[in-house]
Amino acid sequence: MKKIDKAVADAYFKERIRLIGILLVIWFIVSYVMVFFAESLAQYSFNGFPLHYFMGAQGSVATFIVLLFVNAAISDRIDEKYGLSPKKKIEQTLDRSVNQ
Amino acid sequence: MGTQFIVSLSLIILTFALYIGIAIYNRSKETSEFYVAGRGVPPIYNGMAIGADWMSAASFIGMAGTVMVLGYDGLAYIMGWTGGYLLLTFLLAPQLRKYGRYTVPEFIGDRFNSKTALVIAAICTIIISFTYSIGQLAGSGVVIGRLFEVDARVGTMIGVAIIAVYATFGGMKGITWTQVAQYVILIIAYLIPVIFMSLQITGNPMPWLSYGNVVAELGELDRELGVSQYFAPFDDATKWQFLALMFSLMAGTAGLPHVIVRFYTVATMKAARWSGAWALLFIGLLYLSAPAYAAFSRFILMTQIAGSEIANLPAWTEKWINTGLLQMADTNGDGILQWAEIAISNDIVVMATPEIANLGVFVIGLVAAGAMAAALSTAGGLLIAISSSFSHDIYYRIINPQATEKKRMFVARLSILIATVVAGLVALDPPGVITQIVAWAFAIASGTFFPALLLGVWWKRANAQGVIAGMVVGLVVTLSYIFLAKYGGFSIAGIIDTGAGVFGATAAILTNVIVSLSTPAPTQKIQDEVMDLRYPEQMTYKDGEVWKDETAG
């Protein structure tokens, strides 16, 4: 066990929180805000759909999926930056379950 | 009965034989590995397993029909049941993974160091799972009813008998490779009819790209008939109901005990994040296809079925009319079936569409097999959650701590049996369509577990008194609102029963915060444990300092 400077630990936490905050703002916009303005969006169309319908049926869901992968990838990079990448452990477990 | 019956039944039996075969093959290996070093399912397969757990009768059988009947307003289910994964994966799953308890009531019991909180959480688990399983049993009634060409109620009774046996046998819960197989069959069974219909109607094999024009065309057809357009927003309910329902489904997703448990089978917090991402990709495949399914079904019904002579309806109509879920009556007596004269239940759209579109016996049978897997696997898992909450958290820890292993086993079996029979009785005359019943379960989860877990993970000052008061108030508010809105005609801003979670969650968060602040703070040890959840596994928070474990890296 090695002690970590409190400032470093706080910086790690802040970086993670900022990422989650940004992603949740996008999440909120593509779902709640788009629904709130559905009537005004209805006059536009996209790929044959009225725009509000497209956002509800496809746009929002596709954005959610992308946001989750972005979160996983950037979080990995933050972990690496702070020297926390649990690489070895994951590989071991992967091997174990593949061999089952 | 005929060929269709034989093909459907054989496909159902074959797929179930496959699941059980994989389960038996893997069982011995997995149980021995599970608690020691196990926990090592790769995120991509864990994502598929979460997908199979997640996609119940509501997603598979009910959702496309709900979107078809409600139009734009039905999309609240699509966004709600996918958007919740962000709350779950960002705010709860990795942290709960680090805390390392095996069930949600156990987390609540230990985090707040309170037996009372544990028992209330166990009771909430039972209520949520029970409500949820009513929807599953109603779903199996639809499938079995059609298979044997009997009333859906008789179908439900047969389903109850099968599920009772299946769940006591041990279900398929927790056996990842079975669930991976289940996911694959489920998604193939769902996509094939959508792709075929897309080819039939638009000539394009990619339904996701082609159905936009069909939606627009449906709007045209509606305008000609003088009814409100398919995609018109907030036609069935208010905008506030849409937003409330969407919130309720999202928060409920993040608080559903049987979904959260899946995240305990991954190795690390990092793997929890990737599992969440893969899970939504696999789930999204079905959710992106459901509105296409809905649009094609409605298009075929409007253009090929409506307008036929009433004496000359296709053979499939009679089989569905026998289940009591489809009505086609020539109310104006002109000998022609009009669109307005077709009353189709949300719950049969997915099952009936392959027949309506004439996709052949194999596809129809495949859809039946997929639907049975969705309904039975989820119902099995839910009943096991009910029985373990009752026999372990309530009976063993509170009522009779001296109970022998044998006696606890007996109580567990007995509670599965009672829960199945009671849920089956309610499902005989379902109080709503499948998606609606399942939405109540989500509303209750968003009013109880979502606030308790969110504050438990992110606010170290939350204490036992706060969480107990919060869960009780959240449960009472949500349940009262559901009953008052459904049977008492009560509503606020046009929000009906399915959107009740928004009130439950608000009330629970406020109560939790106010009560926590006006009672003593939790012990330093508990506060440290909560601070510790901010960091990944390699870092530990202790006495105001952060330590890094070099060996684990």
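**Close-up views of the predicted model**

**View 1. Packing of two helices in chain B.** H15(B) passes H16(B) in a right-handed crossing (the near helix is turned clockwise from the far one by less than a right angle). Helices are DSSP runs (H or I) of at least four residues and strands (E) of at least two, numbered from the N terminus. This is a predicted model, in which local features need pLDDT of at least 70 and side-chain atom pairs pLDDT 80 or more, while totals for chains, interfaces and linings use all residues. Residues are numbered from 1 along each chain as its sequence is written, and chains are lettered from A in the order in which they are written. H15 (residues 361-399) and H16 (residues 405-428) of chain B pack at about 135°, with axes 8 Å apart. Residues of H15(B) including B:Leu383 and B:Phe390 meet residues of H16(B) including B:Val411 and B:Ile416 (C-beta atoms, placed from the backbone, within 7 Å).

**View 2. Contact between chains A and B.** Chain A contributes 49 residues and chain B 53 residues. On the chain A side, H3(A) gives the most, with 18 residues.

View 3. E1(A) pairs with strand E4 (residues 545-548) of chain B in the antiparallel sense over 3 bridges (pairing requires at least two DSSP bridges). A:Ile4 stands opposite B:Val546 of E4(B).

Key. Contact = placed C-beta atoms within 7 Å. Axes fitted to C-alpha atoms, helices over the stretch in contact; angles between N-to-C directions.
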